[in-house]
Amino acid sequence: MASVTISDMRKSFGKHEVIHGVDIKIADGSFVALVGPSGCGKSTLLRMIAGLEEISAGELRIGERVVNELPSKDRDIAMVFQSYALYPHLTVAENMGFSLSLKKASKAETEERVGYAARTLGLEALLDRKPKQLSGGQRQRVAMGRAIVRDPQVFLFDEPLSNLDAKLRVQMRGEIKALHRRLATTTIYVTHDQVEAMTMADEIVVLRDGRVEQAGQPMDLYDAPANIFVAGFIGSPAMNFFAATIESVDTLRLEDGTAIPFSGGEGLAKDQRVSVGIRPEHLMLAPGGAPSKITLVEPTGPETLLTLEVGHAAVTMVSRERRRFTEGEIITIAPEPDRLHLFDPETGMRLPQRQ
């Protein structure tokens, strides 16, 4: 196993720089997810770690070795791609042991390693099958088994669940997390799905336009996002935002004149303009709250997702009330006062609040 240290890493295509001085320290044995919208640079960064893209500037260490100039095969990493990339003419066992055959490993060693990977992933009964005889989830397990057989210092996953249906994605999330617990191999996992990142990773790195916006444990990013971008990206459904003014240490005034109680405003100036964020699950039905028209009702079973018209703004609310909501109905809502997030409307950065 090994740590991965990325120092001032940059990538340019011609004169166009796409990775801008990224610094990330990934501890030995940890599971780190790189997340962000399409085009943020997460897959490019992963390919640079893998040796599939040249590093334009900066330093990459795997353990104590600087590997910038090392070819991919010498970096002691194994990568699982979005496409399973299995050889259709080879059996499951032959696919998993292919890298060992290239290294001229003995038959006994190959059988031992393939057998271990098959037991780890529940593939023992499938070893003689060809890829076309497997389901999507089974093919992805074979791709993971091929990586395990190599016994690398670092696993790299590039959106490995994107081709699976919703139910299978949930199942495979659990399997990958359990696999990491058993093997304790340093893992870097790229995904655009922040729910995947929240449920699987020890640490999340949020990227935008080739820069790190915030890195930290999943619930730290959820509870204390560093800026409006992270606040809006982490969490599903996404956070709601309003323009407001500080009226007093415990009152905000929205643009439509609605007064909202909040806590932790001692360090903020009266009449200071702020952007207020509130997560959908931290809105509640409240007599005397803001009148809100329901425009869309989406029941999911344990909760109901409501889209509301509050003044001129569209607001999302998650209700766990066991009642029937109807479109066009007027309800009154209020935020939980200690659950508001305040940001500078000019810079987008989080404003200090007393907890």
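The model I looked at is predicted, so local features need pLDDT of at least 70, side-chain atom pairs count only at pLDDT 80 or more, and totals for chains, interfaces and linings use all residues. Residues are numbered from 1 along each chain as its sequence is written, and side-chain values use heavy atoms, with hydrogens and water left out.

**Entry: two domains.** I looked up the domain assignment (automatic or from a database). It gives domain 1 (4-232) and domain 2 (237-343). Their centres, taken over C-alpha atoms, are 38 Å apart. Each domain puts 8 residues into the contact (heavy atoms within 4.5 Å).

**Entry: the interface.** I found about 690 Å² buried between domain 1 and domain 2, with 59% from carbon and sulfur atoms. Buried area is the accessible area (1.4 Å probe) that two parts lose on being put together, summed over both. On the domain 1 side, Y222, I228 and A231 lose the most area, together 65% of what that side buries. Helices α8 (218-223) and α9 (228-233) each supply at least two residues of that side.

**Entry: helix α1.** I counted helices as DSSP runs (H or I, at least four residues), numbered from the N terminus. In α1 (residues 42-50), the buried residues are K42, L45, L46, M48, I49 and A50 (under 20% relative accessible area, 1.4 Å probe, protein chains only). Just after α1, G51 has a positive phi of about 85°.

Definitions and conventions: Buried < 20%, exposed > 50% of the residue type's maximum accessible area, 1.4 Å probe, protein only.
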